[in-house]
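Subject: Structure handover

Hello,

Here is the structure I promised to pass on. My notes on it follow below.

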Amino acid sequence: MNAVVITCHESSLQALPVRASQIASAGLSLSYEEQSLIIRLRNGDEGAFDELVTKHHGALIRMALGHVADREVAEEVVQDTWMAVIEGLARFEGRSSLRTWIFGILIHKAKDRGVREKRHITFSDFESKGDEHDEAVDPSRFQQSGEWAGHWAFPPQPWDKQTPEKLLASRQAVNAMNKAIESLPQTLKDVLILRDVEGVESKEVCELLKITETNLYVRLHRARERVRRAVEVHLEGPALTV
Amino acid sequence: MALNPAEQSVPDITCREVAEWTSAYLDAHADDATHVRMVLHLAACAGCETYVKQIASVRDMLGLLPRACASPAQRDRLRQAFFTRQAPPPSKT
């Protein structure tokens, strides 16, 4: 199968397949599925657009909610994002994945709206709060002194193999996880949604958020730990753990 | 002179450090020395093994959470905008 990359003439919405030799100049070769989707979108296939909206709308709303005041504004930001996607499809060059491109537009629009609402959290604000330097796990769960200092004082209790399946089938558990995600600071929420909810590759997340991979993992782990802790409280109650 | 086995051994890592490195470890982003120390520690520490498994489960569950959908009205608006933008211009006669 010949590899193709999507490019497009400015004045046309029709996709032009280009040979493999031209992929390098575009910077990134897209997967066959992605190429097919883009061709369908550019051919005006409403089913393809519906698929795209169904797949990403929820995550876009969640991310927008980290930047703006309320759900109504977040929905406006996401609506604007989709309009920009529709307008920009003809110019999309495949230098990143379609998903990364869409989330990049959302981040730009959400930050812009957040700044206008004076709700934008700058990186220096985040740093000054010390979140980046705090430990992910509550330090009081570890021995504080003695020969076993730094080892578990209150270790997590094992989950059985069916626990994840049961949790996903439980409305209360799903609500607990969603609530934990919603209450994350914007900087943690962005990485969690992109990396774990949407499955964006680490390098792409770093490029989108303009952070280092080390920084990504610091944030990602804090976010995952908060969700894990919410599950732990759901399963055991707050009194049984620290 | 050859080092004795104790001197050659990898320095231990605490549970507290393991907990901080867990996500990087799971995504194979920890450096080689940390990775080795993690592997050795996890082989002997049930608490940390449980913790790493739970973070992996959380990571996997996050990708499977039910997704919020666009409202029917929003979806209609977007579909209309898509249709309008993508429709070919009327041919000149």
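What pattern does chain A follow, read along the sequence? The pattern is β-β-α-α-α-α-α-α-α-α-α-α-α. That makes 11 helices and two strands in chain A. Helices (H or I, at least four residues) and strands (E, at least two) are DSSP runs, numbered from the N terminus.

Before you go on, two notes. This is a predicted model, where local features need pLDDT of at least 70, side-chain atom pairs count only at pLDDT 80 or more, and totals for chains, interfaces and linings use all residues. Residues are numbered from 1 along each chain as its sequence is written, while chains are lettered from A and ligands numbered from 1 in the order in which they are written.

**Chain A, inside**

Chain A has 242 residues, and 33% of them count as buried. Buried takes 20 or more other C-beta atoms within 10 Å of a residue's own, with C-beta atoms placed from the backbone. The largest nonpolar core has 68 residues. Such a core is a set of buried Ala, Val, Leu, Ile, Met, Phe, Trp, Tyr and Cys residues joined through C-beta atoms within 7 Å. Domain 1 (5-116) and domain 2 (123-236) of chain A both give residues to this core, so it lies between them. The domain bounds come from an automatic or database domain assignment.

A:Ala64 is among the residues with the most contacts inside the core. Contact means C-beta atoms, placed from the backbone, within 7 Å. Leaving out residues up to four places away in sequence, A:Ala64 touches A:Ala74, A:Val77, A:Val78, A:Leu106 and A:Ala110.

**A:Arg113**

A:Arg113 lies in helix H5 (residues 98-116) of chain A. Why does A:Arg113 count as buried? Because 20 other C-beta atoms lie within 10 Å of A:Arg113. Beyond its neighbours within four places in sequence, A:Arg113 is in contact with A:His67, A:Val68, A:Val73 and A:Val77. A:Val77 is 36 residues from A:Arg113 in sequence, yet the two are 7.6 Å apart in space, C-alpha to C-alpha.

**Where the chains meet**

In all, 39 residues of chain B are in contact with 44 residues of chain A. On the chain B side, helix H2 (15-26), helix H4 (46-62) and helix H5 (72-86) each supply at least two residues. H4(B) gives the largest share, 11 residues.

Best wishes

Terms used: Two residues are in contact if their C-beta atoms, placed from the backbone, lie within 7 Å. A residue is buried if 20 or more other C-beta atoms lie within 10 Å of its own, exposed if 12 or fewer, and partly exposed in between; C-beta atoms are placed from the backbone.
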